[in-house]
Amino acid sequence: MSQWLAAAVLGLAAASASAAGADRRPIPPVFRDRVIRNLEGAQGAVAAAAATTLRTADGYRIRVVVSPAYRPRRATEQAYVDFLGSLLHGRELGQLGGLYIETPREVVSACGAGALACYVVDRQIMIVPGRPPFPGAPVTYVIAHEYAHHIAAHRRNALGSAELLGPERWSAYEHVCQGVVSGVLKPGAEAGPAYFENPGEAWAEAYAQLRFPHTEPWRFDRRLAPTRPGAAAAIRAAVLHPWDGARRRGRVRIRLGAGAAAAARLRLPMAIGGAVRVGVRAPHGLRYRLAIRAGRQRLATVVARGRRRLSLVQCAAGVNVSATVTRLSGAGTARLDLEVPAA
C-alpha cells in the first residue's frame, strides 16, 4: 500500500472508542467476499451516512459514503477515490454507484456472515471495511477485488453472464467454459467450499493480484491462477479491449427433394468458445436430419420436420463449426441459419 493511502486508512480508523471496541473480534485469515444481486440485504448498512462526490484524476465522479462510526475526512475520502482511479479501468468507472466504507461489523451486516466485503449488482456499489480485514491484506486489495466485480458487471461473456463466468478474453484464456462443462468450476457459488471454484470470484481475485501479486496466496482452482505468461495480458484485454458481443452469421436457402439437392450445409470459423445457434425452417412435409459438428466433434444430431432451433455450448476455439441438413423424405425449400461468436 502506498504511504498516502496508508495514512488515509489510519485516518479513517480514528473511530469513536465505543465503535472501535465493538469491532474487536477475530477475523478469519482468508478473504471472502460476496456478490449480492439487490440492495435488500444491505439496506440497513448503506442508508445511514451522507455521501460525498469526488473526482478521479481522469475526471470520473465517485460517490463515497463513510460509516458514522468513522471520523469523516475529506483527504481520506479523496485518497480512496484516487486509488480507484489508479486501478486498471475503462469507462465503467463512471458507472460506479458508490464506495461504501463501513466498520467490519457493518460489512457483515450488509454482506452476510463470513463476508469481508461485497458488491451489490443492482446499485453497482462496493461495500468495503474501513480497516484491513486481517494482517497483510490492505483495504486497497479488498477494493481492487470488489472493483473487478464492477468491471464484470459491464462486460460480456460468449457463454452467458460475465458476472458469473468472468469477462470474455480472460475467460477464454483460462478455459472457463471447459471447467464449467466438466463440473470443476461452480459459477455463482458465493458461500461454502465452492466459493473457491467460482470463476466469477477467481476473475476478481486474478484482477486484484495483478495489482497486489504477493498479498494473498492463490486459493482458487489452480488452473485459473494468473501465473502463465499470457494471464496478465488476458486480464488487461478483458478490461481495456472487451468483447463487444460480436457474432458471425451464415444463411443458405436450398430446395431439397426429388430432382434437387440432397443436403444443405453451412460452415463458419469459431474463434472463441460460446453458444452455437442453429435454425432450420422447412415445410412440415420435409423430413430431415440436422447434424452439427465442431471440427471433428459431433455436437448434436436430430431428426425433425418443419422448424427447429438449437442452441449448444461449444468450448473449443479456433475450429470450424458446420451445420448440415440432409433430406430423409418429402420435398421442399429449406432455410438453414448458423450463428457463432466472433472474436
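## Exercises on strands, helices and disulfides

In this structure, L290 stands opposite V302 in β13. The model is a predicted one, in which local features need pLDDT of at least 70 and side-chain atom pairs count only at pLDDT 80 or more, while totals for chains, interfaces and linings use all residues. Residues are numbered from 1 along each chain as its sequence is written, and side-chain values use heavy atoms, with hydrogens and water left out.

**Exercise 1.** Find how strands β12 and β13 run and how many bridges join them.

*Solution.* Begin with the elements themselves: strands (E, at least two residues) and helices (H or I, at least four residues) are DSSP runs, numbered from the N terminus. Two strands pair if DSSP finds at least two bridges between them. Next, take β12 (residues 287–294) and β13 (residues 297–305), which run antiparallel and are joined by eight bridges. Finally, look at the hairpin, where two residues lie between the strands and G295 takes a positive phi near 60°.

**Exercise 2.** Determine which cysteines are joined by disulfides, and describe each pair.

*Solution.* A disulfide is a pair of cysteine sulfur atoms within 2.5 Å, and by this rule the count comes to two. In one of them, C111 and C118 have their sulfur atoms 2.1 Å apart; the torsion about their S-S bond is about -60°, so this disulfide is left-handed. Both C111 and C118 are buried, where buried means under 20% relative accessible area, exposed over 50%, and partly exposed in between (1.4 Å probe, protein chains only).

C177 and C315 are also joined, with an S to S distance of 1.9 Å, and because the torsion about their S-S bond is about -75°, this disulfide is left-handed. C177 lies in helix α9 (residues 176–181) and C315 in the loop between β14 (308–314) and β15 (319–329), so the pair ties together parts that are 138 residues apart in sequence. C177 and C315 are buried. Counting bonded cysteines along the chain, the pattern is 1-2, 3-4.

**Exercise 3.** Describe how helix α6 packs with helix α10, giving the angle and the distance between their axes.

*Solution.* Axes are lines fitted to C-alpha atoms, for helices over the stretch in contact, and angles run from 0 to 180 degrees between N-to-C directions. For α6 (residues 139–153) and α10 (residues 199–211), the angle is about 130° and the axes are 8 Å apart. That makes α6 oblique to α10, since angles under 35 degrees count as roughly parallel, over 145 as roughly antiparallel, 65 to 115 as roughly perpendicular and the rest as oblique. Residues in contact (heavy atoms within 4.5 Å) include Y141 and H145 in α6, and W203 and Y207 in α10.
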